Amino acid sequence: MKLTCMKYEHDLVAYVDGELPPDRARRIESHVQSCGACSAVVAECRRLNALPSPAVIEPSADFDRMFWTKLAGVRSEQELQAGGWLSGIVSFMIRPSGLALSAGLALGVFVVALYLLRPPNAALPQQEIMAAVDLDLYANLDVIQNSEALENFELIEVLDELDQDG
Amino acid sequence: MDKQNHDDPNVLLMLRFQGGEEGAFRILFEEYRGPLLNFIFRYCQDRRVAEELTQEVFLRVHKSAQSYRPEAMFSTWLYRIATNICLNELRTGRYRYETEFKGPDEHDASIQYDPVDESTRVKTDEQMAATEQQRQVQHALEKLPKKQRLALIFSVYDQLSYREIGQRLGCSEAAVKSIVHRSKLALRDILKKAGMGI
């Protein structure tokens, strides 16, 4: 390839495709007329553009049916996501496959309701138990404060004697 | 919306579909399923995959109805979706297809042969040579990078301008010029190497 060809080689395909501005196209045209190598490339590109199109195929017999089935599936998913989820759950629940799940859920709701509606005195609430513990501690405050003395038997004996003397 | 798009009857159909007219979508589906199928088939060379991807394109169109903006011709928008699906879906391996070119199945009743050929079922030497040439060209296309392959299909088979190819591929005219240049010279070299004179 000649040095002058390098100025044009990147435009040869676009020249054949008619994609160059008129000025540029004219310059390439005059070069191609005087250059065997570039003229050969142009001829090859023209033959490439004239290649026969491949055989045309038609959609298969079940193409349409398959598509509309897919579309129906996508739509029901969209409905489920866009607020129709409740009706979707209900329709699932009343199906045979959803009945076991429905029965389980109903049992769960029943147990929770029983717990929430139990009689008020069935058990002391946690807060009241803590209050009772606090009261007991308060009543035995002296004992608790002298708990170290309670562990010393000699001291207990002395205290006992002093108590009897007193 | 510019005037060009306003004049496109298929843009108007898409807008009618956007407005809730389901029949408008059906018209678009029936008009474009054949051309789209052939475009994708030329790209992937697998009928089953081409049908799946064509259906995928129309599912996307249906899903995108609410966000559709008529910023281009309807066909440009449609082929842009198809191009993205060809480039992305096949890359993810979701649709596996044979990379080995098998050529069109001559027993496939859906393939449209030349009417003369259809009536006589006898191929002349010329027709057989053309079929062989087609087979070799398709085989050569398979060897090109995906974007070059798409650009070639749009340029050689669909005779689109660089501007239209750019709109479908989502790139500039300058980029298309470069891609088409490389793809045509690469195709020429592959065919020469395979002993097929062009």
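**Entry 1**

I picked B:Ala151 and looked up what it touches: leaving aside residues up to four places away in sequence, the list is B:Ile165, B:Leu169, B:Val176, B:Ile179, B:Val180 and B:Ser183. Touching, or being in contact, means here that two C-beta atoms, placed from the backbone, lie within 7 Å.

Residues are numbered from 1 along each chain as its sequence is written, while chains are lettered from A and ligands numbered from 1 in the order in which they are written.

B:Ala151 turned up again when I checked the largest nonpolar core, which has 57 residues: B:Ile40, B:Ala82 and B:Ala151 touch the most other members. H3(B) supplies the largest share of this core, with nine residues. I wrote down what such a core is: a set of buried Ala, Val, Leu, Ile, Met, Phe, Trp, Tyr and Cys residues joined through C-beta atoms within 7 Å. Buried means that 20 or more other C-beta atoms lie within 10 Å of a residue's own, exposed means 12 or fewer, and partly exposed is in between, again with C-beta atoms placed from the backbone.

**Entry 1: chain B as a whole**

Next I listed the elements. The helices (H or I, at least four residues) and strands (E, at least two) are DSSP runs, numbered from the N terminus. Of its 198 residues, 32% count as buried. Looking at contacts in chain B with a separation of 6 or more, I found that 65% of them join residues 24 or more positions apart.

**Entry 2: H9 and H10 of chain B**

How do H9(B) and H10(B) lie to each other? The axes of H9 (residues 162–169) and H10 (residues 173–193) of chain B come within 8 Å and cross at roughly 100°. That makes H9(B) and H10(B) roughly perpendicular to each other, a label for angles of 65 to 115 degrees; under 35 is roughly parallel, over 145 roughly antiparallel and the rest oblique. The axes are lines fitted to C-alpha atoms, for helices over the stretch in contact, and angles run from 0 to 180 degrees between N-to-C directions.

On the H9(B) side I noted B:Tyr162, B:Arg163, B:Ile165, B:Gly166 and B:Leu169, which meet B:Glu173, B:Ala175, B:Val176, B:Lys177 and B:Val180 in H10(B). The residues of this contact divide into six nonpolar, one polar and three charged.

H9(B) is largely enclosed by the rest of the structure, because seven of its eight residues are buried. Among them are B:Tyr162, B:Glu164 and B:Arg168. Just after H9(B), B:Gly170 takes a positive phi of about 75°.

**Entry 3: two glutamines in loops**

B:Gln45 has a phi near 60°, a positive value in a residue other than glycine. I found B:Gln45 in the loop between H3 (22–44) and H4 (47–63) of chain B. B:Gln159 also has a positive phi, about 55°, although it is not a glycine, and is found in the loop between H8 (146–157) and H9 of chain B.

Which of the two labels, buried or exposed, goes to B:Gln45? B:Gln45 is buried, with 22 other C-beta atoms within 10 Å, whereas B:Gln159 is exposed, with 11.

I then turned to chain A, which has ten helices and zero strands. Of its 166 residues, 11% count as buried. Confidence is lowest in H8 (residues 141–145) of chain A, at a mean of 56, and highest in H1 (residues 12–16) of chain A, at 97. Where pLDDT is low, the predicted coordinates should not be read in detail.

The contact between the chains takes 26 residues from chain A and 32 residues from chain B. On the chain A side, H4(A) gives the most, with six residues. That side divides into 16 nonpolar, four polar and six charged residues.

Technical notes. Predicted model: local features only at pLDDT ≥ 70, side-chain atom pairs only at ≥ 80, totals over all residues. pLDDT = per-residue confidence, 0-100. Nonpolar A, V, L, I, M, F, W, Y, C, P; charged D, E, K, R; others polar.
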